[in-house]
Amino acid sequence: MPEALDRAGLTLEAVSIHVDGAPLLDIDCHIPPGNILTIMGESGSGKSSLLDFIAGFLKPALHAEGRIFLNGKNLTDLPAQERHIGLMFQSPLLFPHMSVMQNLMFAIPARVRGRQHRKEIARQALEDVGLNGFGDRDPATLSGGQQTRVALMRTLLAQPMALLLDEPFSSLDQARRAEVRELVFCQARKNDLPVLLVTHDEEDALAAGGLVHFLDNHKNNNGCSKVQQPQISIAKR
Ligand SMILES: Nc1ncnc2c1ncn2[C@@H]1O[C@H](COP(=O)(O)OP(=O)(O)OP(=O)(O)O)[C@@H](O)[C@H]1O
């Protein structure tokens, strides 16, 4: 395996997460740019905690070891805002006191200058997800699928270098889910982002088209279940 420092993409090196001192999961993996790694598993198997660790928000009761590299840079000790990782959750979490356009413009990095220029970027983003003309709307007046599409573009406008998706489609009905899912995956590939997707839905995993790893709470022989592949190994203890 090449050195993490030389690799484009998201690398987790000997990551081990504990909750209240008890081991929760171990993972070693590399997600190349434009690829999606799906993690599935029972409730409580540590999926969200893993994303929290990568994003830099691990909760106080949890403790993690190991290193995180993004495009060769060691993120492990950096504060969340310096990691350049985009997050999408089950709930779109748009700012309710801002219009759709303001939500999008807020995400654009400050180094992108000029109000008109920023507005045009946000307008184009809305057009890209079929929401032309929705800029002045209050987010609460949008359907769940429309809110998720805005949330996706808000995440991408921040120019992340990787995406972490935690059940981002689960509030959508089946038809809308497939449509929004395609859009998210397509945008991730277009932006050449490594993506870690957490889902309970097998169709999400199939549609992602990458490696799928399953964590479960069932203990076998020594209390461990382990999956190993050339690029990745995950152990649930
Ligand atoms: N702040 C916390 N304090 C104590 N224990 C926690 C805390 N956050 C998570 N845990 C525990 O860590 C374990 C993993 O939780 P986590 O939310 O990562 O699981 P998950 O696989 O994402 O579950 P779900 O599918 O239900 O979202 C669980 O046993 C949970 O109770």
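**View 1. Helices H4 and H5 run roughly parallel to each other.** In this predicted model, we start with helix H4, residues 144-157, and helix H5, residues 174-190, whose axes come within 10 Å and cross at roughly 10°. Angles under 35 degrees count as roughly parallel, which is why the pair is described that way. On the H4 side, look for Gly145, Thr148, Arg149, Leu152 and Leu156; they meet Arg176, Val180, Leu183, Val184 and Gln187 of H5. Sorted by class, this contact is made of five nonpolar, three polar and two charged residues.

**View 2. Strand S6 pairs with strand S7 in the parallel sense.** Next, zoom in on S6, which covers residues 85-88, and its partner S7, residues 162-166. Four bridges link the two strands.

**View 3. Asn132 sits in the loop between helices H3 and H4.** Helix H3 spans 115-128, and the loop that holds Asn132 lies between H3 and H4. Is Asn132 buried or exposed? Asn132 has 11 other C-beta atoms within 10 Å, and a residue with 12 or fewer counts as exposed, so Asn132 is exposed. Once neighbours within four places in sequence are set aside, Asn132 is in contact with Leu126 and Glu127.

Terms used: Residues are numbered from 1 along each chain as its sequence is written. This is a predicted model: local features need pLDDT of at least 70, side-chain atom pairs count only at pLDDT 80 or more; totals for chains, interfaces and linings use all residues. Axes are lines fitted to C-alpha atoms, for helices over the stretch in contact, and angles run from 0 to 180 degrees between N-to-C directions. Angles under 35 degrees count as roughly parallel, over 145 as roughly antiparallel, 65 to 115 as roughly perpendicular and the rest as oblique. Two residues are in contact if their C-beta atoms, placed from the backbone, lie within 7 Å. Ala, Val, Leu, Ile, Met, Phe, Trp, Tyr, Cys and Pro count as nonpolar, Asp, Glu, Lys and Arg as charged, and the others, Gly among them, as polar. A residue is buried if 20 or more other C-beta atoms lie within 10 Å of its own, exposed if 12 or fewer, and partly exposed in between; C-beta atoms are placed from the backbone. Two strands pair if DSSP finds at least two bridges between them.
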